[in-house]
Amino acid sequence: MEQHHYFLNTEHRKEDYFSFTDYFMGDSYTFESCADIFSKDNFDYGTTTLLKTVFNNVTLNGTVLDVGCGYGIIGILIKKYYPNLNVKMLDINKNAVMLSCKNANNIGVKVDVFDSNLYDNVNFKVNHIVTNPPIKAGKQNLFNVVIGAKDVLEPNGTITLVIKKKHGMESLKNKMNEIFGNVKILNRDKGYYILHSEKIN
């Protein structure tokens, strides 16, 4: 399958970059963005639904990993609301990594951002994975987010993700149940489903 453009490392001109301001839980945030990055000029509804659901339903501790961080909204806002957590963020796209670093610095949070094709460069364990996975990268890559998570998570670690029903929610839910032996729907909102699994063994 051909990769969508925001997974590719392309050269950018100065005019490709811009900033936008959006709101989360009543607070305004300004992020730097780029012409070809996911949800480039506003906070994606699925992502904000994921974050609110995690904050209300998951007890976060230790290290949290944002897989496919884009310009950084998930990892940065988790760190903003839970400053004691160790937040790590990765993306295959070096431009996304650069933007996430800039945005974390601008918003005043310390996170660890690095480039990696899914978990290829993850040589550590984490307690939680929170992700809006790369739907456009294809079904197998979507499954690989879940499959690879089991080796990365500590015992009793969790993975929580968002997916639209029409983008293959049922098959991904089944894959999470196959890999972890459990899966819950924590929330559903406007066609978005928040799925959650725990590494029990």
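**Exercise 1: the cysteines**

The sulfur of Cys-101 lies 8.1 Å from the closest cysteine sulfur, that of Cys-69, which is too far for a bond. This is a predicted model, in which local features need pLDDT of at least 70 and side-chain atom pairs count only at pLDDT 80 or more, while totals for chains, interfaces and linings use all residues. Residues are numbered from 1 along each chain as its sequence is written, and side-chain values use heavy atoms, with hydrogens and water left out.

Task: find how many disulfides a search of the whole structure gives, and state whether Cys-69 is buried or exposed.

Solution: a disulfide is taken as a pair of cysteine sulfur atoms within 2.5 Å, and the search of the whole structure finds 0. Cys-69 has 5% relative accessibility and therefore counts as buried, whereas Cys-101, at 37%, is partly exposed (buried is under 20% relative accessible area, exposed over 50%, partly exposed in between, with a 1.4 Å probe and protein chains only).

**Exercise 2: two helices**

Task: describe how α4 and α5 pack, giving the angle and the distance between their axes.

Solution: helix α4 (residues 139-152) and helix α5 (residues 169-180) pack at about 25°, with their axes 10 Å apart. That angle makes α4 roughly parallel to α5, a label for angles under 35 degrees. The contact (heavy atoms within 4.5 Å) includes Leu-142 and Phe-143 of α4 and Leu-172 and Met-176 of α5. By class, this contact has 9 nonpolar, 1 polar and 3 charged residues.

Terms used:
Axes fitted to C-alpha atoms, helices over the stretch in contact; angles between N-to-C directions. Helix = DSSP H or I, 4+ residues; strand = E, 2+ residues; numbered from the N terminus. Parallel < 35°, antiparallel > 145°, perpendicular 65-115°, else oblique. Nonpolar A, V, L, I, M, F, W, Y, C, P; charged D, E, K, R; others polar.
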